[in-house]
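Trainee: I would like a close look at a single part of this model. Please take me through it step by step.

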Amino acid sequence: MASSLVVPVINVHKDNFKELWPAMVIAIKTSSFVALDTELSGLGNRKSLLAESICFRSIEDRFKAICHAARSRSILSLGIACYKKLDNKPADTYMVQVYNLTLLCSEEYIIEPQSVQFLVQHGFDFNKQYAQGIPYCKGNNKGGSDNHGVHIRALFTELLRARKPLVLHNGLIDIAFLYQSFYAHLPERLATFTADLSEMFPAGIYDTKYVTEFELRLTASYLEYAYKKCKLDNGRSVTSGGVGPHVHVEFCQYVGQMSSYVDYRVCPDVVSAEGKTDICQRFSAFGWCLNGSQCPLSHDTDLIILQDEKGKQDKKRKRKRNREKRSAGEVAEDSSIFDNAPENKIPHMEVDPEETGDGQKETTAEPCEEGKQNEGENMKTESEGNGVCEHNTDSTNSATTAVINDDTKTDNGVENTAGKMMIEKCSDPTTKTESEKKADSGTHRAGFDAFMTAYIFAYSCSNFKKDGADDSAEEKEQTWLPTALNKVYLSGKAAPLNVVKSTFSKSSKAHMQKMEMVWGKGV
């Protein structure tokens with residue numbers, strides 16, 4: 001069984017942004033890939049973002065609705081998870097650095113009560129945001145300052161210059177907000193937008209929502225479920241001595257002033273749940289529930305995963321019995337897909353025969369499954385009591401620390417990636433450090449969500465290697481997950497959005513000017 005994992009998340013705000021700047025830039029530049037996640041002030045009309053809306057069946061119409069939201073709303077916090085593959089360790093061992101940046105848009109923007117309510121329930125501190133949020137302006141750069149200085153738009157420019165693979169979860173809305181907030185005004189046409197993105201991120205964009213549904217084919221694909229399922233399966237494979245590679249994560253051991261900025265997120269093991277069946281079926285399927293914390297049924301993702309696994313085992317046994325009956329000339333009885341799992345769990349890969357207006361098929365997901373506000377922006381980890389990243393006040397982590405003979409440090413006090421590291425080995429904790437004691441109990445953070453997104457991607461890449469694809473090791477490393485390269489998940493669609501520059505589309509003028517600034521020449 002997988003061990004409990006303790007993830008250090010560095011909180012970044014305007015008072016320490018300059019101090020932490022060198023560490024963040026180094027983490028991005030030296031990473032193998034970077035995952036991002038956002039918390040937003042709202043999305044406006046949810047129906048306009050969903051394929052089920054009659055008026056917005058085409059992807060182009062949906063993109064226009066997303067652009068309107070990105071121009072009128074703002075990013076409240078940004079999560080950055082940098083995964084660096086370690087060559088001197090077992091295959092697929094990563095050094096991980098996670099940052100949670102509190103932001104404050106300097107322009108007027110809409111903030112929606114629904115978003116405020118959800119974020120407050122999950123520990124977001126709006127007082128801190130208005131007092132310590134890192135200021136930024138949206139749209140095109142003002143005064144040509146994106147290339148210099150210490151500010152969030154310049155950090156985004158550093159991300160582009162690093163040319164690293166970008167990993168998101170259900171990322172269309174995320175990437176649209178990032179573009180509008182830190183890069184330039186969004187173009188009017190979707191084809192222009194995807195053309196710009198293909199040049200902004202030459203190493204590729206990966207969407208773990210697409211990966212979990214179309215590659216891993218998990219029973220559910222909301223972020224918390226996918227992360228815990230991947231971590232559980234990875235841990236089981238390690239424990240049983242299964243064929244590698246396996247994902248291993250290590251963390252910097254932060255010292256000095258840096259340690260005061262760290263919150264530790266405890267991710268307990270998935271435990272046995274015998275005798276418990278009171279699961280909220282809607283949350284089980286989609287990761288959110290209209291009743292939220294007032295729901296009388298369980299939103300425990302651990303319990304949901306274990307029940308799903310039991311349902312699959314029961315399904316296999318029933319199929320075997322039916323085959324035996326058929327071979328014996330008996331008539332097989334009708335059977336439910338999941339005997340002891342939520343009856344309305346909808347397989348995400350099931351496709352409705354009806355075609356949509358733009359020629360793509362609709363999935364059978366319920367109308368409110370996605371839309372970023374539901375599963376993405378604020379509904380990624382709806383459950384409050386499942387302990388996915390909840391600080392455990394009754395126990396702490398006991399970490400094994402590996403010391404490598406290199407004490408190189410950056411100027412801001414964080415030890416270099418070749419220095420001391422905290423290794424994932426945190427079970428039966430008995431002591432607690434002062435820095436861990438101060439960690440708050442909020443369970444929803446952009447930083448931790450970015451960590452989970454990156455972990456899913458790392459696990460998927462290791463699975464790709466296990467499958468024994470014909471590509472050489474060098475080609476695999478270069479493209480990471482070729483089957484998911486530049487494919488962004490679209491809710492309600494059986495096919496993803498391909499991030500490519502077609503022969504019929506041109507890059508936007510604002511993008512061309514930005515690229516000249518980023519690379520020092522036109523693209």
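Which backbone oxygen does the side chain of H169 reach?

Mentor: The side chain of H169 reaches the backbone oxygen of S221, at 3.1 Å. A polar contact here is a pair of N or O atoms within 3.5 Å; within protein, one must be able to donate a hydrogen and the other to accept it, and residues adjacent in sequence count only if both atoms are side-chain atoms.

Some ground rules. This is a predicted model: local features need pLDDT of at least 70, side-chain atom pairs count only at pLDDT 80 or more, and totals for chains, interfaces and linings use all residues. Residues are numbered from 1 along each chain as its sequence is written, and side-chain values use heavy atoms, with hydrogens and water left out.

Back to H169. A polar atom of its side chain also lies 3.4 Å from the backbone nitrogen of K209. H169 has 0% relative accessibility, so it counts as buried (under 20% relative accessible area, with a 1.4 Å probe and protein chains only). H169 sits in the loop between β6 (166-168) and α6 (172-182). Helices (H or I, at least four residues) and strands (E, at least two) are DSSP runs, numbered from the N terminus.

Now follow the chain into α6. It packs against α7 (residues 190-200) at about 80°, with the axes 12 Å apart. Therefore α6 is roughly perpendicular to α7 (65 to 115 degrees). Axes are lines fitted to C-alpha atoms over the stretch in contact, and angles run from 0 to 180 degrees between N-to-C directions. L172, I175, A176 and Y179 of α6 meet F193, D196, L197 and M200 of α7 (heavy atoms within 4.5 Å).

Methods:
Buried < 20%, exposed > 50% of the residue type's maximum accessible area, 1.4 Å probe, protein only. Parallel < 35°, antiparallel > 145°, perpendicular 65-115°, else oblique.
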